[in-house]
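This report describes a structure with attention to its chains, their strand pairing and the contact between them. The sequence and coordinates are shown first.

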Amino acid sequence: MSASAPNAAISDLRTRIARLEGGNVRERTVLPFGIAPIDSHLPGGGLALGALHEVAGGGNGAIDGAAASLFAAGIAARTQGKVLWCVTRQDLFAPAIAQIGLHPDRVIYVEAGDDKSLLACFEEGLRHVGLGAVVAEVARLSMTASRRLQLASEGSGAMGIAIRRWRRQTEAADFGQPTASVTRWRVSVLPSRPLPVPGVGRARWQLELIRSRGGETLDIEVEACDAKGRLALPSKLVDRPSQKEIGRRLAATG
Amino acid sequence: MVLVGRQGNRRLVVAADRAALEAGLRVGMPATKAQALVQGLVVMNAEPDADAEALERLALWALRRYAPMVAVDPPDGLVMDTMGADHLHGGEQMMLTDMVERLSQVGFSARAAMADSWGAAHAVARYVNRTVSLVTVNATCEAILPLPIAALRLPDAIVGGLRVLGFDRVGELLKQPRAPLTLRFGPELCRRLDQAAGRLSEPIEPVRPAEMVEVKRAFGEPIGAAETIARCVGKLVQALSIELETKGLGARRLDLLLYRVDNRIEAIRVGTALPVRDVKRLTRLLCDKIETVDPGFGIELIRLSAPLAEPLTPRQTISSLIEQRDTDISDLIDILGNRVGEEMLYRFTPVASDVPERSFRRVAPASAETGDAWPDHWPRPARLFAVPELIEAIALLPDHPPASFTWRGIRRRVKRADGPERVFGEWWKRDAELAAVRDYFQVEDEAGERFWIYRAGDGEDAGAGSHRWFLHGIFG
């Protein structure tokens, strides 16, 4: 990766490996988060378009999938084009999805009867050229199924996001099984940003990048999506005893 | 009111409404006798020709809307083979309910039944006292056992003869040895019995409107392989699209009828969200469904028709100089719609209502984009429960958030809270909600999990609600 060793043999090997991997005719493009610590851990400096990504909730989030779906919606909101959202049981509250910048006109929901037809719809959506992102809430995702999904999204360039959501806490151990997805995230809720007045501040998440193909893992605390679907880093300022400093400054001037 | 028709030289009552039946009139009694029994009876002449014509029109409507094979079942019924078509209406039960509702909207009282055979469906629709009945596969025999013999579509003479012998129900008849029955009443009786039980096939001769765009292809040698069928479908779609183009139409529904050598018809129906004439897209939709048909011993004739077609004129595409348009995804909508059902594919659109569960509505994905969104004064939870769950909460009345609450057996201490957001009942729409109030709070527990809870009632007035607490949603 460093330019210090301009070895022709290695670069030749790289191109041969890339050719062997196949399907990479399309130029790999990425969708950056705009947060340096996260983007630097992802190959290419952002979340790869034309690839499958997995998101799961931590703790109770593995069952309700609330934070995971907001994280996915925030990513989908920043893509171009329509978004296909596949579910087996519909309990998403559309106003919340609209609040993080994914307009209701852009999202088409598919309610599939079972996991099998859900995966079929997911794959069909990923094969279609012109969608921004395809999101699906799946419980089980086998290696074969995820490989198919990954190939489908490589072909079309649409981003696939699988929200892993299980019926019971015990089934969530399934998240350890290997799949062909490019990245794997876990989103857990944290206490919100403290406010100087009573109330609930901006939500915070513990964001874990458990797996990233060709990149490193990451564990970071972020503030949840804003109205444009962007994450933010929590500022340390609010924890500082700012009142005292202001008072001191006032005393100094006065 | 009664309708009077002629039978030979006599004028008989052929139909009577409920009031007339309650007054003691019966179908089949002489018109003069009816008039003598009830004073001020409204007598109208029956018009069987007009009735038959109306039934024919109804059959064409059903053909466009529901199934590829529809035939009239005179004097008062329609028979449809809905195989390969119910997926467009969200399943068999929903399809029947939809039929009955739509007919009742235009003033017909209808009863619908679905069964394995024409005979059984005919009998169940007329003699089971339900508006919608669904006979499950392989339960046909049990379903027709308790029905009266008149349900079997037999001539009056045979029904009368059987009644003389003491037969009342179909079940009793099925238990009897066949030979004596056939000897006495002819082959008709056993044929009808077998048809009702589904042992004897009874092909439907579908109605075909004259103006329908249709192409067909007959084979010298019956075909059966899926690839061969797919190839022929491709050629037929090509021919159909040329026909459609000359008329300036695009297909909204396509019916593929496959006539088998054993005189059965297999059908595939696909629907599209917008009129389509594109050969590739239509072929793809039809070929997706080929695996659902059973070619049996072979197919000798394929017929492709577009029962529902709408005008489709060429449109100018925007030149690349201007900003690029959103790519068209109606083909994806069609593919998914034909796979999971059109109702299962939707977008959410806002409804002007403060009550959360009424603030959205499902619309078809291809419907016009309004650009409307919900007002975002308050944060909304990512997941909303269809039924709010009852929780135990400890809170200071009237307007404090709870200090702690118990949900699904786990007690959570509230660290931070926001609210109340008061939602009033929609008294202008529903009388029962005249005084109803909900106070919503966003609460966060020690672990950082955020919930949307509400108290039914305003905390002061008992008329505003039960003052119990509910959990309605989960924030991410």
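Over residues 401-473 of chain B, the chain is 0% helix and 58% strand, with the end C-alpha atoms 16 Å apart. The model is a predicted one, and the values reported here are computed from it.

The peptide bond leading from B:Gly419 to B:Pro420 is cis, with omega near 0 degrees. B:Pro420 belongs to strand β16 (residues 410-424) of chain B.

## Positive phi values in two loops

B:Arg408 is a residue other than glycine with a positive phi, near 50 degrees. B:Arg408 sits in the loop between β15 (402-407) and β16 of chain B. Is this residue buried or exposed? B:Arg408 counts as exposed because it has 8 C-beta neighbours inside 10 Å, and the cut-off for exposure is 12 or fewer.

B:His467 is located in the loop between β18 (450-456) and β19 (469-474) of chain B. With 17 other C-beta atoms within 10 Å, B:His467 is partly exposed, since a buried residue would need 20 or more.

## Overall form of chain B

Chain B contains 13 helices and 19 strands. Its C-alpha atoms fill a box of roughly 85 × 70 × 45 Å along the principal axes. The radius of gyration of chain B is 30 Å, whereas a compact globule of 476 residues would have a value near 23 Å. Buried residues account for 33% of the 476 residues in chain B. Of the contacts in chain B between residues at least 6 apart in sequence, 54% join residues at least 24 apart.

The domain assignment divides chain B into domain 1 (2-46), domain 2 (67-197), domain 3 (213-311) and domain 4 (383-474). Taken over C-alpha atoms, the centres of domain 1 and domain 2 of chain B are separated by 27 Å.

An unreviewed UniProt entry places the annotation "domain: UmuC" on residues 2-121 of chain B. Over residues 2-121 the chain is 40% helix and 24% strand, and the end C-alpha atoms lie 28 Å apart.

Strand β4 (residues 69-73) of chain B pairs with strand β5 (residues 77-81) of chain B in the antiparallel sense, over five bridges. A hairpin of three residues joins β4(B) to β5(B). Within this pairing, B:Ala71 stands opposite B:Val79 in β5(B).

## Strand pairing around β11 of chain B

Which strands of chain B are joined to β11(B) by bridges? Strand β8 (residues 213-223) of chain B runs antiparallel to strand β11 (residues 299-311) of chain B, and seven bridges join them. Strand β9 (residues 249-260) of chain B is likewise antiparallel to β11(B), through 10 bridges.

B:Leu301 takes part in both pairings. B:Ala218 stands opposite B:Leu301 in β11(B), and B:Leu301 is also the bridge partner of B:Tyr259. In a regular strand, side chains alternate between the two faces of the sheet.

## Chain A

Chain A has eight helices and 10 strands. Of its 254 residues, 44% count as buried. Among contacts in chain A with a separation of 6 or more, 66% are made by residues 24 or more positions apart.

## The contact between chains A and B

How many residues does each chain bring to the contact? Chain A contributes 42 residues and chain B contributes 44 residues. On the side of chain A that touches chain B, α4 (66-77), α5 (94-99), β5 (107-111), α6 (115-127) and β8 (183-190) each supply at least two residues. The residues on that side of chain A comprise 24 nonpolar, 12 polar and six charged.

Strand pairing also crosses between the chains. β5(A) pairs with strand β12 (residues 345-350) of chain B in the antiparallel sense over two bridges. In this pairing, A:Val110 stands opposite B:Leu345 in β12(B).

Technical notes
Residues are numbered from 1 along each chain as its sequence is written. Chains are lettered from A and ligands numbered from 1 in the order in which they are written. This is a predicted model: local features need pLDDT of at least 70, side-chain atom pairs count only at pLDDT 80 or more; totals for chains, interfaces and linings use all residues. Two residues are in contact if their C-beta atoms, placed from the backbone, lie within 7 Å. Helices (H or I, at least four residues) and strands (E, at least two) are DSSP runs, numbered from the N terminus. Ala, Val, Leu, Ile, Met, Phe, Trp, Tyr, Cys and Pro count as nonpolar, Asp, Glu, Lys and Arg as charged, and the others, Gly among them, as polar. Two strands pair if DSSP finds at least two bridges between them. Domain bounds come from an automatic or database domain assignment. UniProt positions are given in the numbering used here, feature names are shortened, and annotations may be inferred rather than shown by experiment. The radius of gyration is taken over C-alpha atoms; the globule rule is 2.2 Å times the number of residues to the power 0.38.
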